[in-house]
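Subject: Structure handover

Hi,

Here is the structure for you to look at. My notes follow below it.

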Amino acid sequence: MDTRLLHTRLIALVIGVVVAACAIVGVALAYPQQAESDPATDYGYVYSGVKSASVPFVEASMTDESLLMFGSSEFSTPASIVPQVPAAVFGGNDYGLRPMLIGEAYDQSLWHAIALGAYAQAGVPRDKVVIIVGPGWFVDGGMDAETFQTRFSYALYAGFCANGAIPDDVKAYVRDRLLSLGIDETQVQASAGSMPQDVLNAAVFGAIDDLKARQGLAEVRSQGMPLVDDAAAGVPDFAAMREQAIADGEAMSTTNDWGVEDGFNTKRLEPALADAEGSRTDETYSDTPEYDDLACFLDIADACGIEVLVVIGPVMGPYYDLIGITADTREGCYDRIRTLAAEYANVQVADFSDREYEKHFLYDIVHFGTVGWTDVNEAVYAFAMQG
């Protein structure tokens with residue numbers, strides 16, 4: 001090769017490296033460290049995957065009154081639709097409980113098991129957590145690999161691997177599940193390996209993850225709400241809240257007999273009914289690794305000395321009858337969750353599976369409505385305040 005051409009290419013390579021380094025430094029200087037949090041702002045109710053995967057930010061944003069609540073798309077329901085969501089009840093009043101919502105749509109038991117391991121490594125207020133589960137997580141076949149790959153967090157997995165309280169067999173289970181779902185083996189190995197290349201890869205993956213998180217947290221910080229600090233707030237009046245919840249539910253479902261929110265009924269439910277009837281008669285809620293993943297979550301909590309409240313949410317009975325997933329099939333799922341939870345001394349259950357046919361418990365076909373969130377809030381409050 002011509003010496004001048006080689007020299008030119010080397011110069012171009014060096015310039016490229018320098019430009020990339022400058023860009024990284026620029027991003028690092030432009031965005032605060034993950035652990036920087038405004039003490040006057042409550043970020044617990046921000047629905048964000050970036051927040052949920054940032055242990056440093058969440059840890060910096062919590063107080064002694066905080067309680068980690070793991071869940072998925074139910075956290076996306078805004079107070080404009082359901083005024084009883086945790087942000088409106090606990091975020092607007094100082095009842096001595098500040099839920100920190102962890103998770104978003106498609107975060108299920110395996111994701112939560114990894115996240116719990118990472119958060120337990122950092123420290124969990126009250127030594128208690130809540131996880132909200134329902135039949136939607138336990139469909140046959142389990143979550144598809146492509147969806148899980150979009151939700152995988154290297155930072156959470158690295159924190160999980162660093163938690164020495166987690167037994168080796170539990171770590172091996174998670175590793176095997178990740179590889180089976182197509183997570184890059186280099187990332188998996190970097191989180192726990194001791195070879196020089198693993199250490200180098202860990203540094204690179206960690207730096208990239210940190211920069212992405214710091215950029216994403218800019219939006220999270222803009223969505224926080226003022227922290228309410230009023231010790232005179234006392235104990236929530238859940239009886240009064242339930243009366244209001246029933247009234248709100250009635251007011252939002254005036255155009256249908258399902259008891260669902262009018263907008264959901266008009267835009268989503270009614271147009272789909274003709275095609276939905278009998279469309280899921282083959283579903284069994286049994287052929288899935290999700291039950292083992294949930295057991296993994298509970299194993300991690302047990303190993304780390306953390307109490308768990310498993311909230312079992314229902315689906316809408318009339319709609320699921322229509323699509324062909326029978327009451328017996330659904331009860332089989334609920335029962336497996338209950339049976340699994342009963343195997344652990346540190347686990348309590350708030351079981352709402354018998355509310356499938358109650359209007360306003362859900363505002364659509366799977367997400368808590370005005371009555372549902374009221375009762376979940378009461379169960380979570382009672383659990384948090386025990387002992």
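**Aromatic pairs**

Phe 160 is buried, with a relative accessible area of 0%. Here buried means under 20% relative accessible area, exposed means over 50%, and partly exposed lies in between (1.4 Å probe, protein chains only).

Before going on, some ground rules. This is a predicted model, where local features need pLDDT of at least 70, side-chain atom pairs count only at pLDDT 80 or more, and totals for chains, interfaces and linings use all residues. Residues are numbered from 1 along each chain as its sequence is written, and side-chain values use heavy atoms, with hydrogens and water left out.

The structure holds 14 aromatic pairs. Rings of Phe, Tyr and Trp (its six-membered ring) pair if their centres lie within 6.5 Å; planes under 30 degrees apart count as stacked, over 60 as edge-to-face and the rest as tilted.

One of these pairs is Phe 90 with Tyr 381, which is stacked at 6.4 Å centre to centre and 10° between the planes. Phe 90 lies in the loop between helix H4 (86-89) and strand E3 (98-102), and Tyr 381 in helix H16 (residues 370-385), so the pair ties together parts 291 residues apart in sequence. Helices (H or I, at least four residues) and strands (E, at least two) are DSSP runs, numbered from the N terminus. Phe 90 counts as buried at 2% relative accessibility. Tyr 381 is buried too, at 12%.

Back to Phe 160. Its ring and that of Tyr 157 have centres 5.8 Å apart and planes at 20°, so this pair is stacked. Tyr 157 is buried, at 2% relative accessible area.

There is also an aromatic cluster: Phe 90, Tyr 95, Phe 238 and Tyr 381.

**Charges over rings**

The cut-off: NZ of Lys or CZ of Arg within 6 Å of the ring centre and within 35 degrees of the ring normal. Lys 128 lies over the face of Phe 383, at 5.1 Å from the ring centre. The charged end of Arg 336 sits over the ring of Tyr 291, 3.8 Å from its centre.

**Strand E4**

Lys 128 also belongs to strand E4 (residues 128-133), where 6 of 6 residues are buried. Lys 128, Val 130 and Ile 132 point one way, and Val 129, Ile 131 and Val 133 the other.

Which strands pair with E4? Pairing means that DSSP finds at least two bridges between two strands. Strand E2 (residues 66-70) pairs with E4 in the parallel sense over 3 bridges. There, Leu 68 stands opposite Val 129. Strand E6 (residues 307-312) also pairs with E4 in the parallel sense, over 6 bridges. Val 133 has Ile 312 as its bridge partner in E6.

**Pockets and the cavity**

The search ran on a 1 Å grid over the protein atoms alone. A cavity is a set of points where a 1.4 Å probe fits but cannot get out; a pocket is an open set with protein on both sides within 12 Å along at least five of seven lines; lining residues have an atom within 4 Å of a point. Grid points are joined across faces, edges and corners, and a volume is the space filled by probe spheres set on the points.

The largest pocket has a volume of about 590 Å³. It is lined by 27 residues, and Ser 72, Ser 73, Gly 136, Trp 137 and Val 366 lie nearest its centre.

The second largest pocket holds about 420 Å³. Its lining has 18 residues, with Phe 152, Ser 153, Tyr 154, Asp 209 and Lys 212 closest to the centre. Helix H10 (196-223) is among the elements giving two or more residues to this lining. H10 gives the most, with 5 residues.

The structure holds 1 cavity of 30 Å³ or more. Its lining includes Met 252, Glu 261, His 360 and Tyr 363.

**Positive phi**

Most residues other than glycine have a negative phi. Asp 127 has phi near 55°. Asp 127 sits in the loop between helix H5 (109-122) and E4, and is partly exposed at 43% relative accessibility. Tyr 285 also has phi near 55°. Tyr 285 is in the loop between helix H12 (262-276) and helix H13 (290-303), and is buried at 2%.

Best wishes
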